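Here are my notes on this model, point by point. Please keep the structure open while you read.

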Amino acid sequence: MTEADTEAEADGFRSGFVAMFGRPNTGKSTIVNKIVGEKVSITSNKAQTTRHQIRGVLTTPDAQVVFVDTPGVGKPRTALGEKLNVTARQGRVDADVVCFVVDARSGYGRGDAYLVENLDPDQTVLVLNKIDGMEPAAIAEQLTLVAPLGFSAYFPVSGFTGAGLKPLVEHLIERLPEGPRWFPNHAITDVSDSQWVAELVREQLLRILRQELPHSVATRVVEWEDKRIKVEILVERESQKGIVIGKGGAVLKKVGTNVRKQLAPGYHLELVVSVEPNWQHDPAGVERMLRQ
Ligand SMILES: Nc1nc2c(ncn2[C@@H]2O[C@H](COP(=O)(O)OP(=O)(O)OP(=O)(O)O)[C@@H](O)[C@H]2O)c(=O)[nH]1
Ligand SMILES: [Mg+2]
């Protein structure tokens, strides 16, 4: 045994990686944000909001939990969908513990059952999310549906109100091995500043745009000089440009205003829209657009 090992053991400090895994829109990112106390991962009511593994770190005096938010897994219809599924699976495979997040409101369904087949029951806890405002009988009904799946624990929670998250976190910490701090004490995430701003722009577009268009949108910071940030918004077709710009630039203006509110004072944001033909249907295009 090395000296470092002895120290780690005497210390009793626990650490490890907890993957949030599940269908799109079940509230994985909302839960991570609530637990770490800051928005580290963007959220929206559209599927495929999360496109990368996003780490959110919780450090307590005795433990460090690195939550790994992953894209929702669904039937892939595009190269983007396939890539997101791969990213999610990787996050799950690498984790010490997996939180399988199910939406209690839409109810446990076929899309969830499809994912269960590949989950290791010993590695996985089931998190039944969105219980806020639900009748106790309806929550109980959902728990009855998932109980036979044989996971190691079940937690009804609300990522909105935080209900049920404390016992979940305590349980997760108990399950982590002894180990080092992977991140400095005050770190909340490893998302870079430019990735963060690009994500904030995409989040606003997801919230403002309708139907399928959000999936066609990618964002990236192309210039950052002092407090002037230029973000490029990429769409797949010329016809989508006008929708993203809005009448008289109204959509871009709203996006800019809402993003600036979330930045430190004094930042100037410039938004430009360009076309990257059909990128989400082309694996090489997806790689280019998701590069951070
Ligand atoms: N009522 C209620 N709504 C929630 C809760 N958690 C998340 N939501 C909503 O559900 C939607 C999806 O939330 P996200 O956190 O983006 O879901 P996700 O699982 O990360 O989605 P993907 O990244 O697309 O896989 C958003 O509109 C959230 O506001 C909850 O506890 N209660
Ligand atoms: Mg998400």
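1. A residue is near a molecule or strand if its C-beta atom, placed from the backbone, lies within 6 Å of it. On that basis, 22 residues surround ligand 1. The closest are Gly-27, Ser-29, Thr-43, Thr-50 and Gly-72.

2. Some ground rules. This is a predicted model, where local features need pLDDT of at least 70, side-chain atom pairs count only at pLDDT 80 or more, and totals for chains, interfaces and linings use all residues. Residues are numbered from 1 along each chain as its sequence is written, while chains are lettered from A and ligands numbered from 1 in the order in which they are written.

3. Back to the ligand. Helix 2 (residues 28–36) gives the largest share of the shell around ligand 1, three residues. Helices here are DSSP runs (H or I, at least four residues), numbered from the N terminus. By class, the shell has four nonpolar, 15 polar and three charged residues. Ala, Val, Leu, Ile, Met, Phe, Trp, Tyr, Cys and Pro count as nonpolar, Asp, Glu, Lys and Arg as charged, and the others, Gly among them, as polar.

4. Now the domains. The assignment gives domain 1 (3–175) and domain 2 (193–290); such bounds come from an automatic or database domain assignment. Their C-alpha centres lie 28 Å apart. In domain 1, 11 residues are in contact with 14 residues of domain 2. Contact means C-beta atoms, placed from the backbone, within 7 Å. The side of domain 1 that touches domain 2 has three nonpolar, five polar and three charged residues.

5. Helix 3 (residues 79–93) meets helix 11 (residues 283–290). Their axes come within 9 Å and cross at roughly 60 degrees. Axes are lines fitted to C-alpha atoms over the stretch in contact, with angles from 0 to 180 degrees between N-to-C directions. Helix 3 is therefore oblique to helix 11. Angles under 35 degrees count as roughly parallel, over 145 as roughly antiparallel, 65 to 115 as roughly perpendicular and the rest as oblique. Ala-79, Leu-80 and Lys-83 of helix 3 touch Pro-283, Val-286 and Leu-290 of helix 11. That contact has five nonpolar, no polar and one charged residues.

6. How do helix 7 (residues 193–208) and helix 10 (residues 250–260) cross, and at what angle? The angle is roughly 130 degrees, with the axes coming within 9 Å. Helix 7 is therefore oblique to helix 10.

Conventions
Contact = placed C-beta atoms within 7 Å. Helix = DSSP H or I, 4+ residues; strand = E, 2+ residues; numbered from the N terminus.
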